[in-house]
Amino acid sequence: MSEKNQGSKLEALVSLCKRRGFIFQASEIYGGLNGFWDYGPLGAELKRNIKDAWWRTMVRERDDVVGLDSAIIQHPRTWEASGHLEGFTDPMVDCRACKKRYRADQLCEELGLKLEFETGSNAEKKLKLPDGAKCPACGSKDITAPRAFNLMFKTFVGPQEDTSTVAYLRPETAQGIFAQYNNVLACSRQKVPFGIAQIGKAFRNEINPRNYTFRSREFEQMELEFFVKPGTDAEWHEYWVAERLQWYQRIGLPEGRLHRYVYGKDELAHYASACVDVLYDFPFGTQELEGIAARGDFDLGRHQQFSGKSMEYFDQDTKEKFVPHVVEPSAGTDRIALALLCEAFHEEWVPTSDVAGSQPIPVDYAQPMPPGCETRTVLRFAPCIAPIKVAVFPLLKNKPELVSKARGLYDALRKRWSAFWDVAGAIGRRYRRQDEAGTPFGITVDFQTLADDTVTLRARDSMQQIRLPIADVAAKLAEAIET
Ligand code: ATP
């Protein structure tokens with residue numbers, strides 16, 4: 001069986017995402033803006049479902065986590081305390097010949113080289129391009145030395161634009177959580193260990209946005225700061241790595257394409273005791289979806305130091321006082337959406353007429369299509385993640401009794417789930433349109449429905465159809481969507 005090459009798979013997916021309204025280039029009518037994306041009707045539902053699934057698992061279904069929604073713009077001291085003002089930089093290089101700009105580490109990776117440190121006194125932290133580095137675009141070796149570029153977007157608060165009014169768009173949601181740690185602790189009656197979760201936009205002025213939405217300049221994060229007693233960091237870190245891997249499988253990313261990258265001691269930030277990245281096999285390589293770090297008391301400690309407000313916790317049981325340590329699972333919604341789209345995307349050969357009982361065959365790109373078949377594109381989303389859960393079709397649009405019966409069912413279903421109404425074209429075409437949108441179920445109301453109140457329920461993946469009473473439809477769907 002010959003598979004589609006990964007580059008053309010991504011190309012086909014990008015085109016589907018635009019055509020069906022998952023993802024558009026932001027400001028497309030003005031030529032687009034590099035690193036910014038808009039989500040269309042299906043994409044908006046998909047992202048909402050990812051965030052809902054995360055919030056449900058991380059907040060609603062737990063006793064020890066509460067939510068927060070903090071401001072995107074925080075006091076600039078926040079970013080001094082967090083270390084972002086000084087250290088949230090990427091090494092940037094320019095090709096002097098063709099003027100292309102690169103992130104030095106990405107350039108080296110692309111060339112199969114390793115970024116080096118300069119030798120000599122006071123040079124331990126100065127990066128240097130290795131011999132052999134050249135511009136991938138024009139081949140020139142005339143490339144500038146790496147220089148640090150701060151990724152935070154700057155703005156001004158109020159009408160005056162000077163150094164006293166500079167503020168930053170947050171590069172992560174986490175710092176809003178640390179800054180509100182005392183208030184949340186006071187109002188929520190939580191006890192350590194407990195967590196604060198937040199979903200929201202983050203902004204990074206990435207040097208080189210690439211790989212579709214994977215590295216964007218505006219994106220969404222889903223972050224949990226889980227506060228623990230010093231000394232229990234390792235066990236909580238292990239717990240959260242396992243929890244998060246399970247969650248990814250529940251939303252439809254298979255274990256075989258998920259990986260963990262365990263940081264070596266020499267790769268960890270000086271304050272961290274452990275870090276594991278969750279990676280997924282994207283068509284452009286195995287890349288990070290989420291980082292899970294045990295960050296010690298660095299964050300609360302720094303805010304205590306910079307704000308002068310105590311972040312100490314008093315343990316009523318042991319009468320001890322300590323600054324809690326933190327374990328942070330930090331995920332990107334957009335990267336998860338992209339991983340789910342890549343995972344869901346399939347091309348299959350199916351009989352031209354979508355007859356009941358026909359079986360889809362994965363396309364073999366080395367073989368001609370079998371006679372009597374056509375290619376269907378299908379997004380095999382897990383039902384809990386699918387943008388539309390169910391589509392309802394009256395068999396014929398010019399039979400008012402069919403239309404009104406179907407409309408009644410549609411109105412009932414859409415109170416509970418995102419549903420789609422389609423009366424246009426042959427029923428097979430309508431199924432195909434929903435296959436492309438990733439809708440797991442299609443319901444057809446036909447003449448038999450008028451006689452016995454039963455409908456046809458068609459499953460997207462198997463294309464199997466069953467007949468069932470209208471009264472049983474909601475329970476049948478709930479079984480698949482809500483478990
Ligand atoms: P990378 O090494 O890929 O730049 P990171 O390690 O800097 O990522 P974190 O600071 O740990 O990322 O952010 C947590 C999560 O936020 C990442 O795992 C990712 O899912 C998401 N994220 C970070 N930067 C971006 C970006 N530029 N575009 C989309 N998502 C991002």
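## Ligand shell, helix packing and backbone geometry

The shell around the ligand is made up of six charged, five polar and four nonpolar residues. The structure is a predicted model. Among the 15 residues around the ligand, those that come nearest are Glu 206, Arg 215, Ser 216, Glu 288 and Leu 289.

| Residue | Protein atom | Ligand atom | Distance |
|---|---|---|---|
| Arg 204 | polar side-chain atom | oxygen | 2.9 Å |
| Arg 215 | polar side-chain atom | oxygen | 2.8 Å |
| Ser 216 | polar backbone atom | nitrogen | 2.8 Å |

Taken alone, the ligand exposes 590 Å², and the protein buries 82% of that area. Three strands, S12 (218-228), S15 (285-296) and S18 (325-332), are the elements that give two or more residues to the shell around the ligand. Strand S15 provides the largest share, with four residues. Arg 215 and Ser 216 both belong to the group of residues that come nearest to the ligand.

Helix H2, residues 41-60, takes part in two helix pairs described here. With helix H8 (residues 233-250), H2 packs at an angle of about 140°, and the two axes are 11 Å apart. Because of this angle, H2 is oblique to H8. The crossing of these two helices, H2 and H8, is right-handed.

The other partner is helix H10, which covers residues 333-344. Here the angle with H2 is about 115° and the axes lie 10 Å apart. H2 is therefore roughly perpendicular to H10. The crossing of H2 and H10 is right-handed.

Two points of backbone geometry remain. Most peptide bonds are trans, and most residues other than glycine have a negative phi. What kind of peptide bond joins Val 192 and Pro 193? The bond is cis, with omega at about 5°. Pro 193 is located in the loop that runs between helix H7 (181-188) and strand S11 (194-203).

Conventions: Residues numbered from 1 in each chain as written. Predicted model: local features only at pLDDT ≥ 70, side-chain atom pairs only at ≥ 80, totals over all residues. Heavy atoms only, no water. Near = heavy atom within 4 Å. Polar contact = N/O pair within 3.5 Å; in protein donor to acceptor, adjacent residues only side chain to side chain. Areas by Shrake-Rupley, 256 points an atom, 1.4 Å probe, with all protein chains shown as cover. Nonpolar A, V, L, I, M, F, W, Y, C, P; charged D, E, K, R; others polar. Axes fitted to C-alpha atoms, helices over the stretch in contact; angles between N-to-C directions. Parallel < 35°, antiparallel > 145°, perpendicular 65-115°, else oblique. Left-handed = near helix turned anticlockwise from the far one by under 90°.
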